[in-house]
Amino acid sequence: MTGKAASEATGPKETASESASVPITEPSGEVAAPESKEEEQAQEPPEPQDPASQAAAPTAPTAAKPAPPSEDVPSAPLLLTVEDVSSSSVTVSWEPPERLGRLGLQGYVVEICREGASEWVPVNARPMMVTQQTLRNLALGDKFFLRVAAVSSAGAGPPAVLDQPVHIQEIIEPPKIRVPRHLRQTYIRQVGESVNLQIPFQGKPKPQASWTHNGHALDSKRVNIRSGDQDSILFIRSAQRSDSGRYELTVRLEGLEAKAAIDILVIEKPGPPSSIRLLDVWGCNAALEWTPPQDTGNTELLGYTVQKADKKTGQWFTVLERYHPTTCTISHLIVGNSYYFRVFSENLCGLSDSATSTKELAHIRKEDIAAKPKGFIERDFSEAPSFTQPLADHTSTPGYSTQLFCSVRASPKPKIIWMKNKMDLRGDPKYRALSEQGVCTLEIRKPSPFDSGVYTCKAINVLGEASVDCRLEVKASATH
């Protein structure tokens with residue numbers, strides 16, 4: 001055989017294992033009978049003695065030495081080993097015998113003998129060509145010896161017997177607690193909220209779960225515990241600050257135990273600062289100082305919120321938020337107004353329900369300020385006309401209105417005159433002149449070839465004049 005083959009068998013029924021009703025069964029079973037009485041006597045296994053001790057386990061006969069087996073009978077299997085034991089099954093394996101016999105190997109027969117009995121009961125009625133076998137449907141608490149014999153046509157060879165009995169018992173799975181991710185850090189709840197923690201755990205058989213609070217037993221009037229096969233639930237209907245602390249879950253199973261700690265923090269809004277006073281007022285500034293609150297709400301403060309209110313309006317405006325120091329300077333106050341100030345404390349639950357306010361007003365007084373105007377020299381922006389953007393030569397198509405553009409700078413505002421071939425165009429309805437923000441525009445409505453020529457834009461003011469020219473060409477349409 002080049003490798004192991006596996007099979008499963010069902011364990012014998014309890015009625016078959018009772019010593020009073022089951023006859024002795026040899027390893028050869030119903031497969032084959034020994035050829036001679038000498039071989040039958042040589043192959044007969046010894047009867048087990050008291051199984052309570054190791055020396056009494058079923059082993060080779062301790063009586064007179066048997067006759068050597070025939071060469072046709074295989075030798076005993078090698079390396080008989082228990083591979084696995086569960087609460088209802090056992091798996092054994094072995095190696096083929098060194099000598100298979102001249103007639104060849106037909107298979108193996110597995111037999112068991114319950115503790116306190118003397119009969120060997122075959123598990124498989126016929127030899128099976130496997131080197132691993134699983135016995136199933138065994139009763140919890142069973143304890144038995146086991147042996148395996150190789151079988152050929154000439155009969156069964158000497159068996160290989162386990163040194164120790166096999167004990168079928170429930171498999172113990174060590175307890176283990178799986179804390180949810182959100183509970184691996186401090187679990188924060190507000191006063192009045194419920195606390196409902198479900199902690200899964202593992203372990204077989206069912207482990208025993210217990211809780212403690214800061215190392216002491218839980219108050220059953222406030223905390224409800226319900227533990228099942230796979231989890232334990234801690235429930236507090238209405239949390240109070242006294243419920244804060246470390247809760248430890250312990251899972252025990254037959255001398256083994258697992259522990260998990262969960263930190264719970266129950267918080268509420270903080271109280272207001274203990275006192276506040278106005279230190280100083282100068283210019284448009286006011287300095288304040290206050291003392292921390294006596295009750296922080298069972299957690300750290302996130303800071304303080306400072307507000308101001310004008311005496312005239314009485315409306316409060318926030319000046320500082322989540323401000324950590326206990327002194328501050330408020331600036332940019334309006335001259336002539338009087339101000340009250342108040343401070344709130346803040347934590348994870350929010351601002352305190354009330355604030356601590358200043359009793360005295362901060363008056364922002366007007367100072368006697370004498371205006372000292374400096375001498376102002378008015379600048380003369382007068383300027384003669386000058387064109388910053390000249391006219392550009394232009395080509396137009398008859399029948400399509402066209403425009404000429406230029407820009408001029410002058411102060412005072414100049415007078416703009418448009419000319420064609422040095423002839424003034426004012427009053428001609430064919431032309432429209434515009435001037436806005438120094439940009440001068442001349443619009444020629446539906447020009448014809450007759451409107452071609454040199455156009456001039458002249459700007460005149462009291463300081464002088466300037467002019468720019470361009471050539472306009474109106475091309476006649478081509479005729480075919």
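Which strands make up the open sheet of 3 strands, and in what order do they lie? In this predicted model, the order is E19-E20-E23, and the pairing is antiparallel.

**The open sheet**

- Strand E19 (276–282) and strand E23 (327–330) are the edge strands of this sheet, each of them pairing on one side only.
- From one strand to the next, the twist averages 20°.
- Strand E20 (residues 285–290) runs antiparallel to E23 and is joined to it by 4 bridges, and within this pairing Ala 287 stands opposite Thr 329 of E23.

**Strand E13 and its partners**

- Strand E13 (residues 195–204) has a covered face made up of Val 195, Leu 197, Ile 199, Phe 201 and Gly 203, whereas its uncovered face carries Asn 196, Gln 198, Pro 200, Gln 202 and Lys 204.
- Strand E11 (residues 173–177) pairs with E13 in the antiparallel sense over 3 bridges, and Lys 176 has Gln 202 in E13 as its bridge partner.
- With strand E16 (residues 231–236), E13 pairs over 6 bridges, again in the antiparallel sense, and here Gln 198 stands opposite Ile 233 in E16.

**Aromatic pairs**

- A search of the whole structure finds 5 aromatic pairs, and one of them, formed by Trp 94 and Tyr 108, is edge-to-face, with 5.4 Å centre to centre and 65° between the planes.
- This pair links distant parts of the chain, since Trp 94 lies in strand E3 (residues 90–95) and Tyr 108 in strand E4 (residues 105–114), 14 residues apart.
- Trp 94 counts as buried because its relative accessibility is 1%, under the 20% limit, and Tyr 108 is likewise buried, with a relative accessible area of 1%.
- The pair of Tyr 339 and Phe 341 is stacked, because the ring centres lie 6.4 Å apart and the planes meet at 25°, which is under the 30 degrees required for stacking; both residues are buried.
- Trp 290, Tyr 304 and Tyr 323 form one aromatic cluster.

**Charged groups over rings**

- The charged end of Arg 342 sits over the ring of Trp 316, at 4.2 Å from the centre of that ring.
- The charged end of Lys 420 sits over the ring of Phe 450, at 4.6 Å from the ring centre.

Terms used:
Residues are numbered from 1 along each chain as its sequence is written. This is a predicted model: local features need pLDDT of at least 70, side-chain atom pairs count only at pLDDT 80 or more; totals for chains, interfaces and linings use all residues. Side-chain values use heavy atoms; hydrogens and water are left out. Buried means under 20% relative accessible area, exposed over 50%, partly exposed in between (1.4 Å probe, protein chains only). Helices (H or I, at least four residues) and strands (E, at least two) are DSSP runs, numbered from the N terminus. Two strands pair if DSSP finds at least two bridges between them. Rings of Phe, Tyr and Trp (its six-membered ring) pair if their centres lie within 6.5 Å; planes under 30 degrees apart count as stacked, over 60 as edge-to-face and the rest as tilted. A charge sits over a ring if NZ of Lys or CZ of Arg is within 6 Å of the ring centre and within 35 degrees of the ring normal. Axes are lines fitted to C-alpha atoms, for helices over the stretch in contact, and angles run from 0 to 180 degrees between N-to-C directions.
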